[in-house]
Amino acid sequence: MKVKSAIVVAALGLITALPAIAHHSFGAEFDENKPIELKGVVTKVEWQNPHVYFYVDVKDSNGATVNWGLETDSPGGLIRRGWTHTSLKVGDQVTVKGYVAKDGSHLADARLVTLPDGRKVYGGTAGDGGPGDPGGN
């Protein structure tokens, strides 16, 4: 019985620690020397911890559609800046200024997002050390 209890406690401890282990600084994943501006249509929104992700179809220089993933702060961090879970909806036209992922994928850190109503809101994680970080730099 004691062994079972110890295993359950250890498993719960590991599960609750995973979000903290998975969290990263801006510089670990994104390249501050590679800014990007994306204009396109929102295709998906994932409003969950540890980061809100949204996806935008963007036309590349050849006219092909490329789906970009955009990482933002946590839901709580975005809410403190005026976002709501309905700020972005599938089909919305948005403009995003951010920085591309170091791995060359179609992923970027969304630092400034122009919402469909024209509001410009900061999307980066406060304290992550990235450009324009209100909580760090």
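A polar contact, as the term is used in these legends, is a pair of N or O atoms within 3.5 Å, of which, within protein, one must be able to donate a hydrogen and the other to accept it. The model shown is predicted.

**View 1. Glutamate 46 and its polar contact with tyrosine 55.** The side chain of glutamate 46 makes a polar contact with the side chain of tyrosine 55, at 3.4 Å, and glutamate 46 itself belongs to strand E1, which covers residues 30-46. When neighbours within four places in sequence are left aside, the residues in contact with glutamate 46 are His51, Val52, Tyr53 and Tyr55. Histidine 85 lies 39 residues from glutamate 46 along the chain, and the C-alpha atoms of these two residues are separated by 9.4 Å.

**View 2. Aspartate 73 in the loop between strand E3 and helix H3.** Aspartate 73 is found in the loop that runs between strand E3 (65-71) and helix H3 (75-80). Because its relative accessible area is 7%, and buried means under 20%, aspartate 73 counts as buried. Its side chain makes a polar contact with the side chain of arginine 81, at 3.0 Å. Not counting residues up to four places away in sequence, aspartate 73 touches Pro50, His51 and Val52, as well as Leu78, Arg81, Gly123, Gly124, Thr125 and Ala126.

**View 3. The largest nonpolar core and the surroundings of phenylalanine 54.** The largest nonpolar core has 20 residues, and within it Phe54, Leu70 and Val113 touch the most other members. At least two residues of this core are supplied by each of E1, strand E2 (53-59), E3, strand E4 (93-101) and strand E5 (107-114). Beyond its neighbours within four places in sequence, phenylalanine 54 is in contact with Lys44, Val45, Trp68, Gly69, Leu70, Thr72, Leu88, Val94, Val96, Ala110 and Val113. Another core, of five residues, lies apart from the largest one and includes Phe26, Phe30, Ala101 and Leu107.

**View 4. The two faces of strand E2.** In a regular strand the side chains alternate between the two faces of the sheet. In E2 the covered face consists of Phe54, Val56 and Val58, whereas the uncovered face consists of Tyr53, Tyr55, Asp57 and Lys59. Tyr55, on the uncovered face, is the residue whose side chain makes the polar contact with glutamate 46.

View 5. E1 and E2 run antiparallel and are joined by five bridges, and the two strands form a hairpin with six residues between them. In this pair, valine 42 stands opposite valine 56 in E2. E2 and E3 also run antiparallel, joined by seven bridges, and here valine 56 stands opposite tryptophan 68 in E3. The hairpin of E2 and E3 has five residues between the strands, and glycine 63 in its turn has a positive phi of about 90°.

**View 6. The chain around the close-ups.** The secondary structure comes to three helices and six strands, whose order from the N terminus on is α-α-β-β-β-α-β-β-β. Of the 137 residues in the chain, 36% are buried. Among contacts with a separation of 6 or more, 54% are accounted for by residues 24 or more positions apart. The chain exposes about 7900 Å², of which carbon and sulfur atoms supply 58%.

Methods:
Residues are numbered from 1 along each chain as its sequence is written. This is a predicted model: local features need pLDDT of at least 70, side-chain atom pairs count only at pLDDT 80 or more; totals for chains, interfaces and linings use all residues. Side-chain values use heavy atoms; hydrogens and water are left out. Helices (H or I, at least four residues) and strands (E, at least two) are DSSP runs, numbered from the N terminus. Contact means heavy atoms within 4.5 Å. Buried means under 20% relative accessible area, exposed over 50%, partly exposed in between (1.4 Å probe, protein chains only). A nonpolar core is a set of buried Ala, Val, Leu, Ile, Met, Phe, Trp, Tyr and Cys residues joined through side-chain atoms within 4.5 Å. Two strands pair if DSSP finds at least two bridges between them. Accessible areas come from the Shrake-Rupley method with a 1.4 Å probe; for residues, only the protein chains shown count as cover.
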